[in-house]
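Reader: I have a structure open that I have never looked at before. Can you take me through parts of it?
Author: Go ahead and ask.

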Amino acid sequence: MDRVVTADGPEPSFQQVTSVGGFAYGVINADIHVFANGEPLYLLANWQPEPDADVDWLRQMPSRMLNARRAVVPFTGRDQEFADLRQWRDSGPPQLSVRWLHGPGGQGKTRLAAQLAAESLTAGWRVVAAFHGPDADRPEPGSHDLALTGTAGLLLVVDYADRWLLSNLTWLLKNALLHQVGVPTRVLMIGRSLDTWPAISAILDNYRGYTSAQRLPDLPTDHARPTMFTAARDRFAAIYRHPRPTTILPSVQLDSPEFGLTLAVHMAALVAVDAAVSGERPPEGMDALTRYLLNREQLHWRRLYHDGITGTGSDYRTPGDVMNHAVFTAALTGALDRTAGAELLEHLGIGPDVEQVLRDHTVCYPPAEPNQPTVLEPLYPDRLTEDFLALTLPGHHIDYPAQNWAPATATALLTARSQDDSTSSVLSRSVTFLAAAADRWPHVGSTLLYPLLRKYPDLAIRAGGTALTALATSRSVSIEVLESIEPLLPADRHINYDIAAAAVTSVLTAHRLAHTTDPAEQAVLQSNQVFRLARAGRREEALAVAEEAVATWRRLTEADPDAHQENLATSLNELGLRLSELGRGEQAVALVQEAATIVRRLAAADPNAYLPILAASLNNVAAVLARLGRLAGALGVSEEAVAAWRRLAEANPDAYLSDLALSLANLGACLSELGRPGQALAPSEEAVAILRRLAETNPGIYVSDFALSLTNLGNCLSRLGRREQALAATQAAAGTYRVLAEANPDSYLPDLALSLNNLGLRLSALGRPEQALAEEAVAIRRRLAETNPDVHLPHLADSLTNLAAHLSALGRPGQALAPAEEAVAIRRRLAEVDPDAYLADLATSLTSVGSILFALGRRERAIVPAREIVAIRRRLAKTNPDAYLPDLAMSLWTYATVCADVKQNLSEALKAITEATQLYGSLAKRMPEEFAGRALSAYRTLADVLEAVGRRDEANGLRQQLDRISIRTTN
């Protein structure tokens with residue numbers, strides 16, 4: 001199936017292939033994901049080996065031979081790494097498996113991937129390349145048939161994956177091509193570092209994908225480097241037609257650290273051969289090799305210009321200094337469409353004839369695909385591009401000509417204010433390449449990039465969260481730059497910047513802590529870092545910092561209570577919430593209650609100053625108690641918090657309306673869980689209404705809170721029997737959380753799993769059991785529970801129970817039994833430690849096991865869980881009758897039915913069904929619409945049990961009474 005899906009809407013449509021700037025593209029048997037304006041988020045094409053390039057053309061500029069895509073040098077070395085990749089491809093799971101291949105620029109990642117692609121193609125795999133739509137090379141125009149019928153599997157290669165927009169990569173992973181039943185699917189992603197991989201790996205949890213990472217280490221110093229040098233030298237010598245390659249020896253020490261890169265060894269071999277042919281002395285050292293190759297680029301530009309103006313077979317008319325300027329520009333922009341490229345050169349004033357410059361630049365650096373209508377193809381490989389940028393910028397002491405125009409050109413490109421896609425792409429690429437260059441060439445940062453970002457820190461924000469994260473984690477970034485960016489970060493949670501904000505704050509906090517001895521200042525820094533880490537999903541790190549902050553504030557408060565009590569309370573709240581998130585609820589309760597006690601004293605003395613802090617503190621107490629299952633205790637605190645927030649919001653809605661909404665949502669959830677959905681509906685609906693308005697105005701801040709309110713409303717509506725409305729609210733919440741989890745999986749994957757769980761329940765209640773949703777929720781929660789069982793094991797049990805219910809509803813009880821029994825095992829362990837929190841859940845899972853055993857015909861075994869359920873729910877109903885009496889009645893009825901069915905313990909069955917009818921009778925008097933029908937059915941079961949124990953007259957009399965009641969009811 002081939003579809004076009006816009007990134008801002010899920011509705012598919014037929015592909016309508018049109019030409020944009022001379023480029024037309026379509027796929028068969030796969031999806032295309034596009035922006036609303038038709039710009040593709042990414043492109044897919046059948047992978048093809050690079051055709052052999054003309055050797056005369058390669059000799060003109062030696063750098064052409066270093067482009068990994070041309071595979072000029074035969075694949076040499078990396079035998080173990082290649083064997084690991086082959087094993088991953090062939091022996092992995094039968095479904096989606098993704099590997100992150102990483103190493104420094106020039107380590108040979110692209111070449112290794114190409115070798116795997118070529119071998120896979122020969123072995124019968126469909127091999128597909130993915131291209132980043134906004135800013136990367138495009139495949140050959142036309143249609144690409146990606147059908148998988150008759151193939152051994154699918155291998156998708158994603159080069160430069162760490163430079164993709166995370167949202168675009170997310171859409172790529174949704175492509176139907178990757179999720180075809182029975183087709184082994186392997187996705188090989190290539191990046192320089194592991195920085196992006198955790199987020200991508202977490203996204204793959206949504207698709208039940210297997211993930212692994214593989215690092216390319218430095219080449220060993222033994223025979224590997226000389227062997228690789230020899231293979232490269234012999235190939236380059238053949239291209240240069242050098243008759244005696246064995247006479248060409250390395251001019252560098254191959255065992256030095258800088259020659260651990262594959263690219264470095266190839267450069268040494270290429271320069272050695274070129275120098276031998278040219279009669280020059282080969283240079284020594286990595287910097288000298290780079291300078292030699294860049295000088296050869298310059299020489300080629302001058303020769304072409306000379307041939308053009310002398311009429312010796314060329315219409316090339318661009319002088320060397322102008323081409324230097326154009327190549328520098330292309331290094332920062334990457335390939336652009338012709339119109340954008342022409343406008344850019346015109347704006348920069350590069351050459352008197354822009355079209356001539358573009359034509360001549362294309363002669364030197366043609367598009368990656370011959371039929372591609374793009375210009376300003378950058379110099380390759382990337383590492384050489386970074387060195388070229390650094391050496392063209394003034395400030396180094398290498399014997400290579402820096403250019404005075406370079407800083408102004410880079411500044412103009414970085415500060416361009418146009419909002420079109422090309423400008424955004426240029427900014428992102430420019431920051432990325434200049435930051436990478438600054439790691440090896442400090443003057444790039446000190447003289448250009450960092451002063452510019454200090455002056456215009458909004459550039460880092462405009463570059464986007466991914467670019468900002470890369471900048472913050474760069475080894476060379478200056479503290480002053482991050483300090484200039486810090487005030488522009490969103491003050492509160494923001495889905496697009498949470499990860500970047502945590503990265504910036506962590507670097508700054510480490511620096512500032514090292515430069516202050518003031519404990520109060522240190523604690524303030526730690527508290528701010530806790531806030532950022534928590535919102536980025538880095539919970540374990542946040543907990544460790546929060547513990548340090550609390551310890552510091554305690555010491556300060558003991559010395560001067562009046563000055564530091566408020567700070568201590570705030571840090572206690574943060575630590576309590578972090579502990580609660582990580583499953584350490586008992587510790588959390590003590591801390592948030594201590595914080596509330598402190599703030600309550602402060603508010604009593606000065607309510608105007610401390611009422612907001614008190615309201616927030618009460619919210620935290622309620623949330624932690626509710627998470628522990630202590631709903632009765634949470635209710636009163638939650639009601640007090642709502643009253644406080646309402647008072648504040650009436651006086652200052654701009655400041656406090658969102659807090660009121662969240663407090664209302666929590667109150668609604670608490671009432672609903674306590675079995676009072678009728679009372680829960682009003683606060684739940686009010687919360688949704690407020691947060692809907694806020695999210696429409698500022699989605700980056702409020703959309704996650706809006707999703708939470710929708711989740712609570714869906715649960716409330718479901719308990720009220722309003723199933724269609726419950727489904728609509730839950731679907732909206734699940735859709736929102738999927739988007740949030742794709743942007744920040746560390747923070748939102750647990751919420752996504754919960755919403756998928758709820759969505760499966762809503763659909764099942766409407767007779768539409770959705771196995772895929774339940775399986776996805778289980779997969780996510782199982783992965784989360786492996787990392788943090790204290791937090792996520794209870795949720796895994798929820799999803800396993802629901803999966804079992806879905807499978808049973810689909811008529812597959814045999815498959816349902818295993819997840820149901822696993823859920824019971826988990827919940828039994830949890831209930832032994834904390835019965836208040838987990839006994840009710842254990843009863844739910846036991847109910848699932850009992851019903852499955854009954855359906856499988858193992859009815860005698862079903863008696864055991866049925867009896868245990870009654871005991872648990874009797875215990876629960878004693879402490880909370882409103883919530884658990886209906887469940888107790890149902891459990892008694894079920895137990896009686898199972899006992900009667902197997903003709904065992906009929907006396908127990910009679911006793912149980914008698915109690916059940918009494919309970920249902922009482923419930924029906926208070927809530928006839930909900931319980932009258934159940935009461936009648938329970939009485940009919942009582943009649944059946946009376947007959948089974950030999951009390952036939954009583955049974956018949958009861959049936960006659962029930963028939964008369966039924967007649968009156970229907971009339």
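Reader: Which residue in β7 does L44 stand opposite?
Author: L44 stands opposite A130. Keep in mind that this is a predicted model.

Reader: How do β5 and β7 pair, parallel or antiparallel?
Author: The pairing of β5 with β7 is antiparallel, and it runs over five bridges.

Reader: And β7 with β9, parallel or antiparallel?
Author: Parallel, again with five bridges between β7 and β9.

Reader: What holds strands together in general?
Author: Strands of a sheet pair through backbone hydrogen bonds, in either a parallel or an antiparallel way.

Reader: Is β7 enclosed or open to the outside?
Author: Six of the seven residues of β7 are buried, so the rest of the structure largely encloses this strand.

Reader: What joins β6 to β11?
Author: Six bridges, and the two strands run parallel. H102 has R215 in β11 as its bridge partner.

Reader: How many residues does α3 have, and how far does it reach?
Author: α3 covers residues 109–122, which is 14 residues. From first C-alpha to last it reaches 20 Å, close to the 20 Å expected at 1.5 Å a residue.

Reader: Which residues of α3 are buried?
Author: K109, R111, L112, A113, A114, L116, A117 and S120.

Reader: What covers them?
Author: The cover for the buried residues of α3 includes α2 (79–91), β6 (96–102), β7 (126–132), β9 (154–158) and β10 (185–191).

Reader: What comes just after α3?
Author: G124 is found there, with a positive phi of about 95 degrees.

Reader: New topic, cysteines. How many disulfides are there?
Author: The count comes to zero disulfides.

Reader: Is C716 buried or exposed?
Author: C716 has 0% relative accessibility, so it counts as buried. C899 is buried too, at 0% relative accessibility.

Reader: Last, the chain as a whole. How many helices and strands?
Author: The protein chain has 39 helices and 13 strands. Its C-alpha trace spans about 120 × 75 × 55 Å along the principal axes.

Reader: And what percentage of residues count as buried?
Author: 54% of the 971 residues of the protein chain. The chain exposes about 40900 Å², and carbon and sulfur atoms supply 52% of that area.

Reader: What share of the contacts join residues at least 24 apart?
Author: Among contacts between residues at least 6 apart in sequence, the share is 69%.

Methods: Residues numbered from 1 in each chain as written. Predicted model: local features only at pLDDT ≥ 70, side-chain atom pairs only at ≥ 80, totals over all residues. Heavy atoms only, no water. Helix = DSSP H or I, 4+ residues; strand = E, 2+ residues; numbered from the N terminus. Expected span 1.5 Å × (residues − 1). Buried < 20%, exposed > 50% of the residue type's maximum accessible area, 1.4 Å probe, protein only. Contact = heavy atoms within 4.5 Å. Pairing = 2+ DSSP bridges. Disulfide = S-S within 2.5 Å. Areas by Shrake-Rupley, 256 points an atom, 1.4 Å probe, with all protein chains shown as cover.
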